[in-house]
Amino acid sequence: MTVTRTRSDRRRLAVAAVIGHLVVIAGAALLREPTLWFAVGMMGPGLCLCVGAAAVLRRSVGRPGSAAKDLDERELLLRNRAHYAAFQGICLLMLVDLAYGLYAAGQPDSGSLLSSMTAALFVFGTSLPALWLAWKLPDDDPEDFADVDEGIPA
């Protein structure tokens with residue numbers, strides 16, 4: 001059995017991805033001259049954690065993350081709900097970015113501050129559909145994977 005077939009495993013990965021994203025966002029907020037190397041040191045591991053966990057989550061949510069032609073009606077509904085929730089989340093993240101941009105406007109190097117924060121929030125926004133699906137999808141049926149776990153192709 002793989003690591004991500006239960007809801008609790010997917011939720012642990014989702015929490016790890018969110019923690020990684022928050023570390024990257026904190027690093028982007030600290031990306032100025034006195035704390036530059038500390039911020040870069042935070043952003044590297046945070047980016048590895050958030051992108052790695054999000055990649056595993058995208059693979060683990062399975063078919064609802066696929067193209068529309070491969071999905072049935074229930075899976076299309078799940079995918080559309082995930083994208084709608086992610087759209088709302090991205091709108092909220094852009095409001096945060098706008099507020100940070102208003103703060104950064106009075107700082108030296110405001111362009112680099114705002115671009116780093118926008119990039120960090122954009123990366124977070126791209127993983128929101130997978131995070132939503134990982135949190136909402138029920139456990140997989142173990143009978144679906146009985147043959148695969150035994151090494152017998154289905």
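D97 is found in helix α3, where helices are DSSP runs of H or I with at least four residues, strands are E runs of at least two, and both are numbered from the N terminus. The model is predicted, so that local features need pLDDT of at least 70 and side-chain atom pairs count only at pLDDT 80 or more, while totals for chains, interfaces and linings use all residues. Residues are numbered from 1 along each chain as its sequence is written, and side-chain values use heavy atoms, with hydrogens and water left out.

At 10% relative accessibility, D97 counts as buried, a class that means under 20% relative accessible area, with exposed meaning over 50% and partly exposed lying in between (1.4 Å probe, protein chains only). Leaving aside neighbours within four places in sequence, D97 is in contact with L114, M117, T118 and L121, contact being taken as heavy atoms within 4.5 Å.

The chain around this residue has 6 helices and 0 strands, and from the N terminus its elements run α-α-α-α-α-α. Of its 154 residues, 32% are buried. Among contacts with a separation of 6 or more, 69% join residues 24 or more positions apart. The accessible surface of the chain comes to about 9400 Å², and 67% of that surface belongs to carbon and sulfur atoms; such areas come from the Shrake-Rupley method with a 1.4 Å probe, and for residues only the protein chains shown count as cover.

The UniProt record, an unreviewed entry, lists residues 12–31, 37–57, 84–106 and 112–135 under "transmembrane region"; its positions are given in the numbering used here, feature names are shortened, and annotations may be inferred rather than shown by experiment. In the model, residues 37–57 are 100% helix and 0% strand, with end C-alpha atoms 30 Å apart. Residues 112–135 are 96% helix and 0% strand, and the C-alpha atoms at the ends of this span lie 34 Å apart.

Helix α3 also holds Y100, which is buried with a relative accessible area of 12%. Not counting residues up to four places away in sequence, Y100 touches A28, A29 and R32, and also L113, L114 and M117. The C-alpha atoms of Y100 and A29 are separated by 8.6 Å, although the two residues are 71 positions apart along the chain. M117, a contact of Y100 and of D97, is found in helix α4 and counts as buried at 4% relative accessibility. With sequence neighbours up to four places away again left out, M117 touches I25, A28 and A29 as well as D97 and Y100. M117 and A29 are 88 residues apart in sequence and 6.5 Å apart in space, C-alpha to C-alpha.

M117 also belongs to the largest nonpolar core, which has 28 residues and in which I25, L57, M117, F124, L128, L131 and L133 touch the most other members. The elements giving two or more residues to this core are α1 (7–29), α2 (36–60), α3 (73–104), α4 (110–126) and α5 (128–136). A nonpolar core is here a set of buried Ala, Val, Leu, Ile, Met, Phe, Trp, Tyr and Cys residues joined through side-chain atoms within 4.5 Å. F124, one of the residues that touch the most other core members, is in contact with V18, H21, I25, L93 and L131 when residues up to four places away in sequence are not counted.

L102 lies in helix α3 and, at 63% relative accessibility, counts as exposed.

In the loop between α3 and α4 lies D109, a residue that has a positive phi of about 60° although it is not a glycine, and that is exposed with a relative accessible area of 61%.

A search of the whole structure finds 1 salt bridge, defined as a side-chain nitrogen of Lys or Arg within 4 Å of a carboxyl oxygen of Asp or Glu. The side chains of D9 and R12 meet in a salt bridge at 2.3 Å, N to O. Both residues lie in helix α1, 3 residues apart, or about one turn of the helix. D9 is buried at 17% relative accessible area, whereas R12 counts as exposed at 56%.
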